[in-house]
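Let's take a walk through a protein model together. Have a look at the picture first, and then we will follow the chain from one spot to the next.

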Amino acid sequence: MISATHVLIDASTRPIALLGDPVAHSFSPLIHNTGFRVQGLSYVYLACRVPPQALAEAVAGLRALGFAGANVTIPHKEAVLPLLDRCTPGAKAVGAVNTILCLPNAQGKTELVGENTDVAGFLAPLKPFLPSLENSEVVILGAGGAARAVVYALLTHVHPARLTLLARNPKRGETLATDMAAYDTRHVLRVVPFAAAGAAVRTAHLVVNATPVGMHPHDQETPWPHATDFHEGQLVYDLIYNPLRTRLLREAAARGATTIGGLEMLLAQAAAAYKWWTGHELPLQAVRAALQSSLGS
Ligand code: NAP
């Protein structure tokens, strides 16, 4: 019934959902379904557009319909926490969940467990740069769910000398900073409005975009329009993966900065989620080939 290159969807197939809004741009169905197909695993991954007012019903539906798990994306990563039975310590610390495991418990009920694989995903492409980033200056644009994972990852694994968070909504930024205070043992985190952040961007060793500005179909937008602030010796990391090269990255590279796009983070966080749901390693070579052929590159 199941071969190495083909999975028959039948009565035993376990569904896994992506819950977000929008989801039409997502590469996650291609990534996970390629893994299931190549490894002959009887799962199917579906992208479900869930507006905020339907999130509670969608999460209850995972349990009711026997889903194996889910991914959670923009704008639900924080709102989903109170809808789950429990979270891993990492997800609780971040205050945002991007992966749910539907786990049968001893009483025969299904427990919904939240995890955050964005932390490991964010750090994966930074590994070669980690030694040079210790005691560096870092700027993060955005104060949402992804920014939470980025701040937590930086405070616990990179140990910068200064971490400047640019928040459009200062209250959201301050809440993030308060929630991360336990990990900010050297008091390096500060929240500033975009309009007052020019000097911080110019002196930063690492600039991370954790806003959706520049994401398809708004490819001509950038969260930091002052391109002359970028220069050689800087690392500019955009979490956006569609398009692969955002305007932010193109402008930073043109000024001599080293750039990292969001695809490597996407693959690393997907691999961690895939392992959690299936117990298998995501077949990265096959997944990269599928992405390349889908993107026509
Ligand atoms: P989110 O929770 O909605 O947070 C987005 C943040 O960006 C919020 O702080 C928001 O400000 C801010 N923002 C939105 N528009 C802005 C604008 N025009 N100017 C300034 N700030 C703006 O979203 P998220 O889940 O953190 O995701 C953020 C981005 O990261 C998305 O593009 C997502 O695709 C990407 N991402 C990529 C990966 C990956 O694996 N590569 C993983 C996670 C996320 P307000 O608080 O004022 O709304």
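Start at His159, which sits in the loop between α6 and β8 (162-166). The helices (H or I, at least four residues) and strands (E, at least two) named here are DSSP runs, numbered from the N terminus. Although His159 is not a glycine, its phi is positive, at about 55°.

A word on what you are looking at: this is a predicted model, in which local features need pLDDT of at least 70 and side-chain atom pairs count only at pLDDT 80 or more, while totals for chains, interfaces and linings use all residues. Residues are numbered from 1 along each chain as its sequence is written, and side-chain values use heavy atoms, with hydrogens and water left out.

Now turn to the ligand. Which residues come closest to the ligand? Of the 24 residues that surround it, the closest are Ala143, Ala146, Arg172, Leu239 and Gly262. A residue counts as near if one of its heavy atoms lies within 4 Å. By class, this shell has 13 nonpolar, 7 polar and 4 charged residues; Gly counts as polar here, while Asp, Glu, Lys and Arg count as charged.

Where does the shell come from? Helices α6 (145-158) and α10 (263-278) each supply at least two of its residues, and α10 gives the most, with 3. Domain 1 (14-116 + 267-295) and domain 2 (120-261) each provide at least three, with bounds from an automatic or database domain assignment.

Finally, look for polar contacts (pairs of N or O atoms within 3.5 Å). An oxygen atom of the ligand lies 2.9 Å from a backbone N or O atom of Ala143, and a polar side-chain atom of Arg168 is 3.0 Å from a ligand oxygen. The protein covers 84% of the 930 Å² of accessible area that the ligand has on its own, using the Shrake-Rupley method with a 1.4 Å probe.

Key:
A polar contact is a pair of N or O atoms within 3.5 Å; within protein, one must be able to donate a hydrogen and the other to accept it, and residues adjacent in sequence count only if both atoms are side-chain atoms.
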